[in-house]
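The sequence and structure are shown first.

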Amino acid sequence: MTDRLSRRTFLRVAGGLTALGALAACAMPTAGPASEAEAEQVSVTFYTNDVGWREERYKRIIPDFEAEFPHITVDYTHYTTDWEASLTTWAAGGTMPNVFYSRTQKTSARARLGWILPITGYIDADPDKDLLLDDFWPIQVPQLQYENDWYLIPENISSITMRYQVEALEAAGFSAPDEPWSYYEEWPNVVKELTIRDGDETTQWGFDAGWMFQYSGFAWIWLPAGIVDTDTNTCIIDQPENVKSLNQLQDMRFRDRLIPQSGDIPEGVNMFASGRLAMNMAGVWEITSTRDQVGDMAWDIALIPQNPLNPGENLSINYGAGYAMGAETKHPDAAWDLIRYLSLPSMQQVFIVEDNWALPGRRSVAKDWLDGVLSTGSGMPAHAEHWITALETGRSVPVTAAEKEIEDVYPNLIAPILVTGESRAEEALPHIQAEIQKVLDKYV
């Protein structure tokens, strides 16, 4: 694996790492001399959400930040309530936090609503601007901007692969794949061979996408032709390749019974950990949870099939999170100092590398992340570098101000094809396209 990483992945990720490593070693850069007002004691409100263990990490590093910037006090709160609803309430009441944790796929929507402030001026004034920007993953850059302004500094990014039981794959006569399976030929056959039946009972299902069939931006994995042309603000979901892809999934689930339906999954049973599911989707953030769930069972990951419309492109969808400056901040210089501090590679060691969680938003930290995954705990998955490959060769979520509304309506629109199986894609997609276009038309 080490040799293959050096040849296929490490050289791409670590190209220029000497320069990027120098950035990682730099002290916290400032945007320029602080104003007299900013030199006085100021308080910055900082709100986060996401997995609970991150709260302890923020509480650990905030005192270090305050020691480095003694004129700034951080008023920190971690929220476990509905984050989107909370942000909406704060925005309506003019109480948006000065700095907050923000998903990158939502940048356009939040910038258009006026929830967040552009940080272009601070980035342009940063003495390490070029090294900073070169350290971002290219696929994530459009998600950090809106109308040619920067709004976010990234902390993490995610990619998707397929997780499989090693023993099940070997028993079906397959070895760990170095390259993605073809979408229409090889992959369905693998799923078929992984499915085991005892009479009318399926004792091992070949594959399940779970919530990624219909929820969140990751559901667009199954749309090779895409969903939105962001250049023209047009829904393009009704395309022949999308029809073919969705009908294949429907047939695998309802006709061929290779993918379980909701009634096939016993309540409270983890199908993968219990050995009743040979392969499912795996987000890069699931390393530690999978290790905890499966015990001694050997598991690994494989790349999602390549896009049949573009053989060099993986079907994985990528987005992440970073830090934004809230619209009501009265001390933008201090807010920027916190955002820039939180974006340092050393902070990504704390929030990403220490717990094998997501992928770092800085390319210069990727090798440390990979080394950490392979050298801690069980060391599984052995092919963790596939998440990096999926990131580099995958696709971005559509960068559109309509993201939130599309995400809200999409599950119900796609359900007749993939959840109930009552409509074929060629019947449903014209209606889905019309409904999504109605949403897009609000954001001309």
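## Domain organisation

The chain is divided into three parts: domain 1 (39-156 + 319-372), domain 2 (160-208 + 259-310) and domain 3 (212-241 + 250-256 + 402-444). Between domain 1 and domain 3, the centres taken over C-alpha atoms are separated by 31 Å. Five residues from domain 1 and eight residues from domain 3 take part in the contact of these two domains. The model is a predicted one.

## Nonpolar cores

The largest nonpolar core consists of 77 residues, and F46, Y58, W369 and W387 have the most contacts inside it. Helix α13 (residues 332-342) provides the largest share of this core, with seven residues. At least three residues of the core come from each of domain 1 (39-156 + 319-372) and domain 2 (160-208 + 259-310). There is also a second, separate core of 57 residues, which includes L169, I414, I436 and L440.

The surroundings of F46 can be described in detail. Apart from residues up to four places away in sequence, F46 touches Y58, I62, V74, D75, Y76, T77, V99, F100, Y323, L338 and L342. One of these residues, Y58, is also named with F46 among the core residues that have the most contacts.

## The largest pocket

The largest pocket contains about 520 Å³ of space. Its lining is made up of 21 residues, and those nearest the centre of the pocket are D50, R103, Q105, S216 and Y319. By class, seven residues of the lining are nonpolar, six are polar and eight are charged. Domain 1 (39-156 + 319-372) and domain 3 (212-241 + 250-256 + 402-444) each contribute at least three residues to the lining of this pocket. In terms of secondary structure, α5 (83-93), β6 (153-158), β16 (317-325) and α17 (403-418) each supply at least two lining residues.

## Asparagines in loops

| Residue | Loop between | Relative accessible area |
|---|---|---|
| N49 | β1 (42-48) and α4 (53-68) | 13% |
| N233 | β10 (228-229) and β11 (234-235) | 19% |
| N356 | α14 (345-353) and β17 (359-360) | 6% |

Why does N233 count as buried? Residues under 20% relative accessible area are classed as buried, and N233 therefore falls in that class at 19%. N356 is likewise buried, because its relative accessible area is 6%. N49 is buried too, with a value of 13%.

N233 is not a glycine, yet has a positive phi of about 55°. N356, also not a glycine, has a positive phi of about 50°. For N49, the contacts beyond neighbours within four places in sequence are with H78, Y79, W83 and Y101.

## A cis peptide bond

Which peptide bond is cis, with omega near 5°? That bond runs from M380 to P381. P381 is located in the loop between α15 (366-375) and α16 (385-393).

Technical notes
Residues are numbered from 1 along each chain as its sequence is written. This is a predicted model: local features need pLDDT of at least 70, side-chain atom pairs count only at pLDDT 80 or more; totals for chains, interfaces and linings use all residues. Side-chain values use heavy atoms; hydrogens and water are left out. A nonpolar core is a set of buried Ala, Val, Leu, Ile, Met, Phe, Trp, Tyr and Cys residues joined through side-chain atoms within 4.5 Å. Buried means under 20% relative accessible area, exposed over 50%, partly exposed in between (1.4 Å probe, protein chains only). Helices (H or I, at least four residues) and strands (E, at least two) are DSSP runs, numbered from the N terminus. Domain bounds come from an automatic or database domain assignment. Contact means heavy atoms within 4.5 Å. On a 1 Å grid over the protein atoms alone, a cavity is a set of points where a 1.4 Å probe fits but cannot get out, and a pocket is an open set with protein on both sides within 12 Å along at least five of seven lines; lining residues have an atom within 4 Å of a point. Grid points are joined across faces, edges and corners, and a volume is the space filled by probe spheres set on the points. Ala, Val, Leu, Ile, Met, Phe, Trp, Tyr, Cys and Pro count as nonpolar, Asp, Glu, Lys and Arg as charged, and the others, Gly among them, as polar.
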